[in-house]
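Trainee: Hi! Please walk me through this one, I have never looked at it before.

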Amino acid sequence: MQGKVEICGVNTAKLKTLKQEEMTQLLTRAKAGDREARDRLVEGNLRLVLSVTQRFLGRGENPDDLFQVGCIGLLKAVQNFDETKEVRFSTYGVPMIAGEIRRYLRDNSAIRVSRSVRDLAYRVLQCKEQLQLEQGKEPTMEQIALRLELPVSEVVGAMDAIAAPISLYDPVYSDGGDPLTVMDQVRDTRNTDEKWLEQIALRDAMAQLGEREKQILSLRFREGRTQMEVAREIGISQAQVSRLEKNALGAIRKAIES
């Protein structure tokens, strides 16, 4: 949506905003059944929908579709918001809009989740939205689990199951140069291509050693024996152990570096 001026026929560069006093008056009128007030509330909060929708881009969904679904969440927020609570409408509206988009992504996900898990996730989302309204801030998973009388692991598992998959190549940060991707954050720094090549070279180098040299290196570096202990075990002098060990390590180093 970056650089996009029009979405669903709406010029995003000219979206209106409402002052808090005007918002309160319109909410009261809308609750009394004033459709004009409701329409003005929706029109005055489309920028909020746009902001939330931008969080869900890059998942293969059409931005126009996400924006329309977000508008449904906005309508629900207008309908269910309690203006007597000391909570700003945006604080209540954002999770309602996001929840509607998540439900849409869940129901249209290429990854199929069992009905029971989807139903549990829907209950979790409802509970989360209710606690958000009551507390004026996003609840923790522990608070949601306590309200639903469920183990925290079940609540977390249900939310993870409906989370939209992301690509390892999705950018998470960019300062104008090459973007930092998800893969950069989760990649295995131990089993890299370079480490694999070193392991292959080490294995090949070890295969070229004699049996006594292999035994000495195993006792010294796998079992942590001293040269004197190795010498007693295989029946040679400590000086011979030192010489054989040095020659073996030199051969390995040469093979890896070549």
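Mentor: Happy to. One term before we start: a contact here means heavy atoms within 4.5 Å. This is a predicted model, in which local features need pLDDT of at least 70 and side-chain atom pairs count only at pLDDT 80 or more, while totals for chains, interfaces and linings use all residues. Residues are numbered from 1 along each chain as its sequence is written, and side-chain values use heavy atoms, with hydrogens and water left out.

Trainee: Got it. What does Leu41 contact, then?

Mentor: Setting aside neighbours within four places in sequence, Leu41 is in contact with Leu18, Met23, Leu26, Leu27, Ala30 and Val78.

Trainee: And how many helices and strands does the chain have?

Mentor: There are 13 helices and 4 strands. Both are DSSP runs numbered from the N terminus: helices are H or I with at least four residues, strands are E with at least two.

Trainee: How much of the chain is buried?

Mentor: Buried residues account for 33% of the 258 residues. Buried means under 20% relative accessible area, exposed means over 50%, and partly exposed is in between, using a 1.4 Å probe and protein chains only.

Trainee: Which residues touch the most other members of the largest nonpolar core?

Mentor: They are Leu41, Val52, Phe56, Leu74, Phe89, Ile97 and Ile101, out of 30 residues in that core. Two or more residues each come from helix H1 (20-31), helix H2 (35-44), helix H3 (46-53), helix H4 (63-80) and H5. H5 gives the most, with 8 residues. Apart from this core lies another, of 13 residues, among them Ala121, Ile144, Ala145 and Met159. By nonpolar core I mean a set of buried Ala, Val, Leu, Ile, Met, Phe, Trp, Tyr and Cys residues joined through side-chain atoms within 4.5 Å.

Trainee: Is H3 mostly covered or mostly open?

Mentor: Mostly covered, with 6 of its 8 residues buried. Those are Leu46, Leu48, Val49, Leu50, Val52 and Thr53.

Trainee: Let's jump to H8. Which of its residues are buried?

Mentor: In helix H8 (residues 152-162) they are Val155, Ala158, Met159 and Ile162. They sit on the same side of H8 because they cover an arc of only 95° around the axis; that arc is taken from the directions from the helix axis to the C-beta atoms. On the face turned away from the buried side are the exposed residues Ser153 and Asp160.

Trainee: What does the buried side pack against?

Mentor: The buried residues of H8 pack against helix H5 (89-107), helix H6 (115-135) and helix H7 (141-148). Take Leu125, which is in H6 and is buried at 3% relative accessible area. Leaving out residues up to four places away in sequence, Leu125 touches Arg103, Arg106, Met159 and Ile162.

Trainee: How far apart are Leu125 and Val155?

Mentor: They are 30 residues apart in sequence and 9.9 Å apart in space, C-alpha to C-alpha.

Trainee: New topic: is Glu245 buried or exposed?

Mentor: Glu245 counts as buried because its relative accessibility is 8%. Glu245 is in helix H13 (residues 238-257). Beyond residues up to four places away in sequence, Glu245 touches Ile216, Leu217, Arg220, Phe221 and Gln227.

Trainee: Last one. How many disulfides are there?

Mentor: The count is 0 disulfides, where a disulfide is a pair of cysteine sulfur atoms within 2.5 Å. Cys71 is buried at 17% relative accessible area, and Cys127 is buried at 7%.
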